[in-house]
Amino acid sequence: MTSSIKFIATDMDGTLLNDDKNLPTDFYDVFDALHTKDVLFSAASGRQYQSLVNTFEPIKDKMVFIAENGTLVMYQGKELYSSTIPTSEIHAIITRVKAIDNSFIVLCGKNSAYTETTDTQALEEINKYYHNLEIVSDLFVVDDEFIKIAVLNFNGTEQHIYPIISPLYSQTHQVVVSAKIWLDVMHKTASKGAAIKELQRIFNFTFEESMSFGDFLNDVEMLKETYFSYAMDNAHPEIKQLARFHAPSNNDQGVMTVIKEKILK
């Protein structure tokens, strides 16, 4: 029974947000209704924590943020969980990615994101997801705790980046295509699913009391850690195959439609 749901996690881009990057029109009404029912709501995204906080400013202390594809989990301004990568490993990965043509690197730390690029098109794309961003002359001298390396390639990461980086690093790290033009390299155990497992322990809800919504390959583990797993109508074919249930597309406010029908009716 979906009436027993205690936790909902939703991906952002391609899932909760429409293609114009806007929240559903009735999002805050639905959120308030869930909050009244004591359902814990989480944005689970490849986006930076600060970007998520800015998006949900009015309710930031009432929800959980699974940021940077699960490498950083925040609640009411406090870190609940994180998954860092040693600096030596970060430098090795950066060196390899720099050798791939047409690729832009975003080094994700707990305090900020960092990039060397000054390319206008790349920065416009990067700024959508990383609101705390520093342009630096050398990524190798940045001092922070690192949680992720994001790679941007406008020609497509599934075709052009994953075949090069995965054979080198998927044994030691989590390498995931997070969008058509983005790929993330993280700690081996890091994922949105690992973050949800930790939240199940902290907040005392079960696999059967968990619901999630996703559209892309960085949502695989999240969908596996929640019984009520929904693939958006616009999802990657692998996600549609994996999820137990299907939701209307992100442009049809699919997440809100399912929540209203299954939990709030």
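**View 1. Glu79, a partly exposed residue of strand E5.** With a relative accessible area of 41%, Glu79 counts as partly exposed, a class that lies between buried (under 20% relative accessible area) and exposed (over 50%), as found with a 1.4 Å probe on protein chains only. Glu79 belongs to strand E5, residues 78–82, where strands (E, at least two residues) and helices (H or I, at least four) are DSSP runs numbered from the N terminus. Leaving aside residues up to four places away in sequence, Glu79 touches Leu72, Val73, Met74 and Lys110, contact meaning heavy atoms within 4.5 Å. Phe154 stands 75 residues from Glu79 in sequence, and their C-alpha atoms are 33 Å apart in space. The model shown here and in the other views is predicted, so that local features need pLDDT of at least 70 and side-chain atom pairs count only at pLDDT 80 or more, while totals for chains, interfaces and linings use all residues. Residues are numbered from 1 along each chain as its sequence is written, and side-chain values use heavy atoms, with hydrogens and water left out.

View 2. An open sheet with mixed pairing is formed by 6 strands in the order E8-E7-E6-E9-E11-E10, two strands being paired if DSSP finds at least two bridges between them. At its edges are strand E8 (133–135) and strand E10 (173–179), each of which pairs on one side only. From one strand to the next, the twist averages 25°. Strand E7, residues 113–115, pairs with E8 in the parallel sense over 3 bridges, and Ala113 stands opposite Leu133 in E8.

**View 3. Two helices and the sheet.** Helix H3 (residues 87–98) lies across strand E6 (104–109), strand E9 (146–152), E10 and strand E11 (182–187), and runs at about 5° to E9. Helix H4 (residues 120–129) packs on the sheet with contacts to E6, E7, E8, E9 and E11, and its direction makes about 150° with that of E8. Such angles run from 0 to 180 degrees between N-to-C directions, with axes fitted to C-alpha atoms, for helices over the stretch in contact.

**View 4. The largest pocket.** About 600 Å³ of space lies in this pocket, which is lined by 25 residues, with Asp13, Lys21, Tyr129, Ala179 and Lys180 nearest its centre. On a 1 Å grid over the protein atoms alone, a pocket is an open set of points where a 1.4 Å probe fits, with protein on both sides within 12 Å along at least five of seven lines, and lining residues have an atom within 4 Å of a point. H4 gives the largest share of the lining of the largest pocket, 3 residues, and the lining divides into 6 nonpolar, 8 polar and 11 charged residues. Lys21 sits in the loop between strand E1 (7–10) and helix H1 (27–36) and has a positive phi of about 70° although it is not a glycine.

**View 5. The second largest pocket.** The volume of this pocket is about 160 Å³, and its lining includes Glu158, Tyr162 and Gln174. E10 gives the most to the lining of the second largest pocket, with 4 residues.

Definitions and conventions:
Points joined across faces, edges and corners; volume = space filled by probe spheres on them. Nonpolar A, V, L, I, M, F, W, Y, C, P; charged D, E, K, R; others polar.
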